[in-house]
Amino acid sequence: MLMGVEEEDRAAVRRERLLDPALVFHGLPGRTRDEVLEELASHLAERGRVSAPGELVDRLLEREKLGCTGLGGGVAIPHCKWKDLDEVVVAVASTEHPVDFAAADGVPVSLVFLVVSPAQAPAAHLQTLARISRLLRTPRVVEGLRRAESSEKMLEVLREAEAGLPVAP
């Protein structure tokens with residue numbers, strides 16, 4: 001059975017691996033926004049999620065020029081659409097040092113949710129961003145991620161919060 005574009009987008013969100021243990025990183029050492037984005041892109045390439053980490057960084061920086069992805073409260077969600085992806089890729093990271101993302105509240109970022117979506121699935125991109133936003137509004141998630149002392153502990157916090165969210169249709 002053929003699916004319409006919107007149905008394909010919803011399927012991509014259901015398939016996306018927000019909690020993929022291989023994409024949760026504790027204590028990235030980068031001291032600037034660009035360094036953190038480079039580290040994340042390199043990690044995605046090492047894990048076979050993207051093939052051109054330099055191009056991904058360029059695309060993410062282009063997106064930053066359109067509007068800062070620092071949400072405030074020390075959290076950023078850099079994101080872009082990317083060619084040659086079959087599903088949404090989400091990486092979650094804490095930083096070793098607070099990083100200036102030029103957020104409106106001026107608070108340096110210590111938690112990053114990187115979202116890279118298939119260019120042909122714009123609704124999946126938006127649905128993933130909305131799901132992360134809901135996750136971040138879940139009580140104690142941001143604090144729990146900041147207190148986590150390892151990627152495994154970060155993953156536990158995320159799994160507990162994710163379990164309480166409604167499933168995408």
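Me: Is Glu-55 buried, partly exposed or exposed, and at what relative accessibility?

Reply: This is a predicted model, and the value is computed from it. Buried means under 20% relative accessible area and exposed means over 50%, with partly exposed in between. Glu-55 has 44% relative accessibility, so Glu-55 counts as partly exposed.

Me: Which side chain meets Glu-55 in a salt bridge?

Reply: A salt bridge needs a side-chain nitrogen of Lys or Arg within 4 Å of a carboxyl oxygen of Asp or Glu. Here the side chains of Glu-55 and Lys-83 meet at 2.8 Å, N to O. The pair links distant parts of the chain, 28 residues apart: Glu-55 is in helix α3 and Lys-83 is in the loop between β4 and β5. Lys-83, at 41% relative accessibility, is partly exposed.

Me: How many salt bridges are there by this rule?

Reply: The count is seven. One of them joins Arg-131 and Glu-162, at 3.0 Å from N to O.

Me: What is the nearest side chain of opposite charge to Glu-64, and how far away is it?

Reply: For a charged residue, check the distance against the 4 Å cut-off for a salt bridge. Glu-64 is buried and has no salt bridge; the nearest side chain of opposite charge, Arg-33, is 4.1 Å away. Glu-64 sits in helix α3 (residues 53-66). Leaving out residues up to four places away in sequence, Glu-64 touches Arg-33, Thr-69, Pro-78 and Phe-101.

Me: With which residue does Arg-33 form a salt bridge?

Reply: Arg-33 forms one with Asp-34, and their closest N and O atoms are 3.1 Å apart. Arg-33 is partly exposed, with a relative accessible area of 25%. Asp-34 is also partly exposed, at 29%.

Me: How many helices and strands does the chain have, and in what pattern?

Reply: There are six helices and six strands. Along the sequence they follow the pattern α-β-α-α-β-β-β-β-β-α-α-α.

Me: Which strands pair with β6, and is each pairing parallel or antiparallel?

Reply: To read a sheet, look at the bridges between strands and at the direction in which the strands run. Strand β3 (residues 75-76) runs parallel to β6 and is joined to it by two bridges, with Val-75 opposite Leu-111. Strand β4 (residues 79-82) is likewise parallel to β6, over four bridges. In that pairing Cys-80 stands opposite Val-116. Strand β5 (residues 89-99) runs antiparallel to β6, with seven bridges; there Ser-94 has Leu-111 as its bridge partner.

Me: How many residues of β6 are buried?

Reply: In a regular strand the side chains alternate between the two faces of the sheet. In strand β6 (residues 109-118), 10 of the 10 residues are buried. Across the chain, buried residues make up 49% of the 169 residues.

Me: How many disulfides does the structure hold?

Reply: It holds zero. Cys-80 is buried at 3% relative accessibility, while Cys-68 is partly exposed at 35%.

Me: Which residues is Val-141 in contact with, beyond its neighbours within four places in sequence?

Reply: Val-141 is in contact with Leu-135, Val-157 and Ala-161. Val-141 lies in helix α5 (residues 141-147) and is buried, with a relative accessible area of 3%.

Terms used:
Residues numbered from 1 in each chain as written. Predicted model: local features only at pLDDT ≥ 70, side-chain atom pairs only at ≥ 80, totals over all residues. Heavy atoms only, no water. Buried < 20%, exposed > 50% of the residue type's maximum accessible area, 1.4 Å probe, protein only. Pairing = 2+ DSSP bridges. Lys, Arg positive; Asp, Glu negative; His and termini not counted. Contact = heavy atoms within 4.5 Å. Disulfide = S-S within 2.5 Å.
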